[in-house]
Amino acid sequence: MKIVITGGAGFIGSNLVRALTEQPQVARLRVVDDLSTGHKANLADRDVEFFEGDIQDAALLDRAFHGADAVVHLAALPSVPRSLRDPLASHHANATGTLQVLEAARRAGGPHVIAASSSSVYGANPHLPKHEDLASAPMSPYAVTKLTTEAYLSAYHHSFDLPILPFRFFNVYGPGQQADHAYAAVISKWISATLAGQPVTIHGDGTQTRDFTYVGTVCDVLTDALLRRVVDPRPVNLAFGSRTSLLDLISEIETATGQHVAQENRDSRPGDVHHSQADGGRLRALFPAVKPLPFQEGIARSVRWFRSQNRAMPI
Ligand code: NAD
C-alpha cells in the first residue's frame with residue numbers, strides 16, 4: 001500500500017508514521033507538511049518521502065498523491081485560542097486546505113481518504129455522552145473549520161463516490177506531544193511543568209471533564225481503518241467514552257511522577273466546553289479489535305517519554 005499523511009510531522013501524524021512503518025502491507029509512506037506546528041525531527045530515522053509545503057498548494061498535492069491508495073488528512077491549525085485570534089488563518093488551513101486535499105484526491109483517481117475532525121463540533125450542545133447524530137453547535141471558528149471538513153468529505157462521497165472516513169478526535173495525548181508548543185494540550189503541559197517543579201494552571205475549578213485517548217490507540221484505529229479500508233460517510237467519534245476530570249488527571253500525574261502537583265487557578269477561557277465525553281458505540285462497532293490503553297498506563301508512558309526527553313537535552 002502507498003499512503004500519504006498530511007500533517008505527518010505533527011504529534012499524531014508522526015506517531016502514525018511510526019505505527020505504519022511497522023506494517024508489512026505498507027510499501028511506501030509520504031508526508032505533506034508545512035512545518036507550521038510540526039517538526040521534521042519527528043520523522044528522523046523514518047523511511048518516508050517528505051513533501052514540504054502547504055496543503056493549499058495543488059501542484060504539491062498532485063505530486064504527493066500520485067499513485068496513492070490512501071490519504072490520512074491530519075494537517076490543520078489545531079487550536080481553539082488561535083482560531084479566536086485569527087479565524088481566517090484557521091479557515092484557510094483547515095477548511096480550504098481540506099477542499100484542496102479532496103480535489104487532489106479526485107484528480108489522483110479517488111484514494112481512500114481518512115480525515116481528522118474534532119469533538120469541538122458538539123460545542124454548546126449540552127447532551128452527554130456526545131453521539132454522532134447530535135446537532136452540532138460550534139463555539140469557535142476552529143470548530144466551524146472541522147464541521148466544514150466533515151461536510152466536504154460527505155459531499156465528495158455523495159457527489160464523486162470518494163471512499164471516505166471522517167473521525168472526530170477528542171483529547172489525544174501521549175509521547176510526542178510537545179509541552180513548549182504555543183497551544184500545547186493540558187496533559188503534556190502539566191507533566192512537563194510537574195517534572196520541572198513548577199505549578200500547573202487550571203482554567204476554571206478543575207471539575208471539567210475530558211475523554212482522553214492515548215495516541216497509540218488513535219494510531220491503532222487509523223491503521224485498522226487503512227488496512228481494512230473502512231469507508232463510512234458518517235462521522236465517527238474516536239474516543240471510548242471515558243470521563244476524566246482535570247482534578248483526576250492531577251492525581252494520576254502525581255502517582256506516575258511521585259511528585260506533588262502545585263496548582264494555580266485562573267478564569268475559564270472563552271470557547272472551552274465544560275464536559276466532553278464520547279459515545280463510543282459507532283467506533284466499537286466499526287473497530288471491534290481495537291482496545292484502548294488504560295489511562296493510568298498512558299500517563300505512565302507519557303511521563304517516561306518526557307523524562308527521556310529531559311535526559312536527551314544538553315546541559
Ligand atoms: P499538530 O499541530 O501536532 O499537527 C498538525 C500538523 O499539520 C503539523 O505538523 C503542521 O505543521 C501541519 N500543518 C498545519 N497547517 C498546514 C498546512 N496548511 N499545510 C501543511 N501542513 C500543515 O496537531 P495534532 O495534535 O497532531 O493534530 C492532528 C489533527 O488532529 C489536526 O487536524 C487536529 O485538528 C486534529 N485533532 C487533534 C486533537 C488532539 O487532541 N491532538 C483533537 C481533535 C482534533
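Me: How far does helix H5 reach from its first C-alpha to its last, and what span is expected at 1.5 Å a residue?

Reply: Please note that this is a predicted model. The expected span of a helix is 1.5 Å times one less than its number of residues. Helix H5, residues 141-160, has 20 residues and reaches 28 Å, close to the expected 28 Å.

Me: Which residues in H5 are buried, and what covers them?

Reply: A residue is called buried when its relative accessible area is under 20%. In H5 this group consists of Tyr142, Ala143, Thr145, Lys146, Thr149, Glu150, Leu153, Tyr156 and His157. Their cover includes helices H3 (80-85) and H4 (87-107), together with strands S5 (112-118) and S6 (164-169). Just after H5, Asp161 takes a positive phi of about 65°.

Me: Where do Leu35 and Arg229 lie, and what is the phi of Leu35 and of Arg229?

Reply: Leu35 is placed in the loop between strand S2 (28-33) and strand S3 (49-52), and its phi is near 60°, a positive value in a residue other than glycine. Arg229 lies in the loop between helix H7 (215-227) and strand S11 (236-238), with phi near 50°. Leu35 has 24% relative accessibility, so it counts as partly exposed; Arg229, at 44%, is also partly exposed.

Me: Which peptide bond is cis, and what is its omega?

Reply: The bond from Leu128 to Pro129 is cis, with omega near -10°. Pro129 is located in the loop between S5 and H5.

Me: Is Leu249 buried or exposed, and which residues is it in contact with beyond its neighbours within four places in sequence?

Reply: Leu249 is found in helix H8, residues 246-257, and counts as buried because its relative accessibility is 0%. Beyond those neighbours, it is in contact with Val186, Ile187, Trp190, Phe212, Thr244, Phe295 and Ile299.

Me: How many helices and strands does the protein chain have, and why may it be called as compact as a globular protein of its length?

Reply: The protein chain holds ten helices and 13 strands. Its radius of gyration is 19 Å, close to the 20 Å that the globule rule gives for 315 residues, so the chain is as compact as a globular protein of that length. Of those residues, 51% count as buried. Among contacts between residues at least 6 apart in sequence, 80% join residues at least 24 apart.

Notes:
Residues numbered from 1 in each chain as written. Predicted model: local features only at pLDDT ≥ 70, side-chain atom pairs only at ≥ 80, totals over all residues. Heavy atoms only, no water. Helix = DSSP H or I, 4+ residues; strand = E, 2+ residues; numbered from the N terminus. Rg over C-alpha atoms; globule rule 2.2 N^0.38 Å. Buried < 20%, exposed > 50% of the residue type's maximum accessible area, 1.4 Å probe, protein only. Contact = heavy atoms within 4.5 Å.
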